[in-house]
Amino acid sequence: MPVETISWKNKKVRLIDQTLLPHRFKYIICDDIRTLWKAIRTLQVRGAPAIGIAGALGVVLAANSSKAKRFGGFFKDLNRSIKFLASSRPTAINLFWALGRMECVAKANNDKPISEIKKILLKEALKIIDEDKASCRRMARYGAKLVKNGDAILTHCNAGGLATADYGTGLGVLFEAKRRGRHFKVYVDETRPMLQGARLTTWELMHDGIDATLICDNTAASLMEKGKVNKIFVGADRVARNGDTANKIGTYSLAVLANHHRIPFYVVAPVSSFDFRIKSGKDIPIEERDAKEVRSVLGRVIAPKNVKVYNPAFDVTPNELITAIITEKGIFRKPYVLSLRKLRKLGYRDENKRYR
Ligand code: MRU
């Protein structure tokens with residue numbers, strides 16, 4: 001069963017502190033948006049869909065803390081908080097999608113008493129959680145069909161239960177394939193600098209009894225060259241209209257390698273990770289993180305303290321390197337400009353416009 005990564009408990013946001021896993025399992029309680037903002041920024045909660053949910057619940061915290069009696073003042077308070085939450089991390093579109101959706105719901109109910117709007121906002125945030133759970137299950141069902149007995153699968157970062165409200169995107173496919181009785185093994189990239197693969201993905205896969213092998217990021221090429229990997233599944237932080245996909249730094253190099261070795265490269269992402277407002281990956285803002293993350297490993301400094309560092313958290317994989325994109329609405333293939341147009345019609349609501 002998936003762990004409850006993020007939830008609403010006793011009028012507060014409860015989340016698993018992912019920076020402590022796998023050796024310590026501890027919840028953090030956020031009862032104000034500053035604590036929640038810090039949790040997003042420091043990766044205590046991370047993964048695109050989970051960040052979106054954190055944003056939605058953050059809006060509920062903000063609404064509940066507003067003392068305004070009329071809609072004008074209430075909406076002003078809410079907007080300030082939404083902008084603040086939006087400044088936590090720039091790449092995962094799910095955050096802006098969820099914040100935009102919460103803002104639209106507040107606006108649409110501007111004639112109601114403030115106490116009523118607060119209840120409606122909580123209902124909407126819980127709906128976002130339920131929808132995410134349902135999308136994870138649907139993506140998993142589509143994706144599991146692609147997993148065959150004897151497969152050796154490679155994955156990067158963590159696209160599992162810890163990154164969503166249920167059992168994940170990329171890893172959800174694997175959990176579902178296992179549930180259907182498929183026998184396969186999984187290689188897990190450690191995913192420097194923050195080691196989401198080593199710390200989180202191995203933990204989730206082993207918990208489910210999936211055969212998992214941890215590798216250094218720089219081992220992937222040699223594994224492929226030896227014919228030891230035959231499929232790759234990753235998640236996404238933002239997919240552009242043409243299928244270009246931003247995901248954890250290192251994903252692009254895997255896609256290049258996969259194409260060289262003719263290995264299928266699959267992206268698994270819910271509709272909330274699509275940004276149809278942007279034409280291509282060139283427009284995706286890429287987060288650059290603190291130099292400390294590269295100069296050290298798990299808090300221990302390993303490089304000269306003042307060495308220059310370049311630390312982008314994500315890269316963009318061009319659509320032509322992606323074999324298929326698996327969503328809760330089905331599996332989409334090249335040419336993505338055409339196939340994703342169908343996806344847009346099938347269920348995309350353009351709610352991410354403001355805070356990107
Ligand atoms: O920096 P992170 O840990 O938030 O990065 C997460 C990823 O890159 C995931 O692969 C992505 O969000 C998809 S998660 C379902």
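Select strand 10 (residues 265-268) and strand 15: three bridges join the two, and they run parallel. Strands here, like helices, are DSSP runs numbered from the N terminus (strands: E, at least two residues; helices: H or I, at least four). Two strands pair if DSSP finds at least two bridges between them. This is a predicted model, in which local features need pLDDT of at least 70 and side-chain atom pairs count only at pLDDT 80 or more, while totals for chains, interfaces and linings use all residues. Residues are numbered from 1 along each chain as its sequence is written, and side-chain values use heavy atoms, with hydrogens and water left out.

**Stop 1**

Tyr 266 stands opposite Ala 324. Ile 326 stands opposite Ile 331 in strand 16. Strands 15 and 16 form a hairpin, with two residues between them.

Are the faces of strand 15 covered or uncovered? Both faces of strand 15 (residues 324-327) are covered. Ala 324 and Ile 326 are buried on one side, Ile 325 and Thr 327 on the other. Buried means under 20% relative accessible area, exposed means over 50%, and partly exposed lies in between (1.4 Å probe, protein chains only).

**Stop 2: past the hairpin**

Follow the chain out of strand 16 to Pro 335. Pro 335 is in the loop between strand 16 and helix 11 (336-347). A cis peptide bond joins Lys 334 to Pro 335, with omega about -5°.

**Stop 3**

Zoom in on strand 8 (residues 238-240). Two bridges join strand 8 to strand 11, and they run parallel. Ala 240 stands opposite Asp 275 in strand 11.

**Stop 4**

Go on to Glu 287. Glu 287 lies in the loop between strand 11 (274-275) and helix 10 (292-295). Its relative accessibility is 5%, so Glu 287 counts as buried. Show its contacts (heavy atoms within 4.5 Å). Neighbours within four places in sequence aside, Glu 287 touches Arg 89, Pro 90, Thr 91, Asn 311, Pro 312, Ala 313 and Phe 314.

**Stop 3: helix 6**

Select helix 6 (residues 170-179). Eight of its 10 residues are buried, so helix 6 is largely enclosed by the rest of the structure. The buried residues of helix 6 are Gly 170, Leu 171, Gly 172, Val 173, Leu 174, Phe 175, Glu 176 and Ala 177. Which elements cover them? The cover includes helix 5 (114-144), strand 4 (151-155), strand 5 (184-189), helix 7 (196-207), strand 7 (231-234) and strand 10. Step off the end of the helix to Gly 181, which follows helix 6 and has a positive phi, near 90°.

**Stop 4: the loop between strand 5 and helix 7**

Start at Thr 191, which lies in this loop. Phi of Thr 191 is positive, near 70°, in a residue other than glycine. Thr 191 is buried, with a relative accessible area of 0%.

Move to Pro 193, in the loop between strand 5 and helix 7. The peptide bond joining Arg 192 and Pro 193 is cis, with omega about 5°.

Finish the loop at Leu 195. Leu 195 is not a glycine, yet its phi is positive, about 60°. Leu 195 is buried, with a relative accessible area of 8%.

**Stop 5: Ile 29**

Select Ile 29, in strand 3 (residues 27-30). At 46% relative accessibility, Ile 29 counts as partly exposed. Beyond its neighbours within four places in sequence, Ile 29 is in contact with Lys 12, Val 13, Arg 14 and Thr 35.

**Stop 6: zoom out**

Show the whole chain. The protein chain has 11 helices and 16 strands. Its C-alpha atoms fill a box of roughly 65 × 50 × 40 Å, taken along the principal axes. Of the 356 residues, 57% count as buried. Among contacts between residues at least 6 apart in sequence, 75% join residues at least 24 apart.
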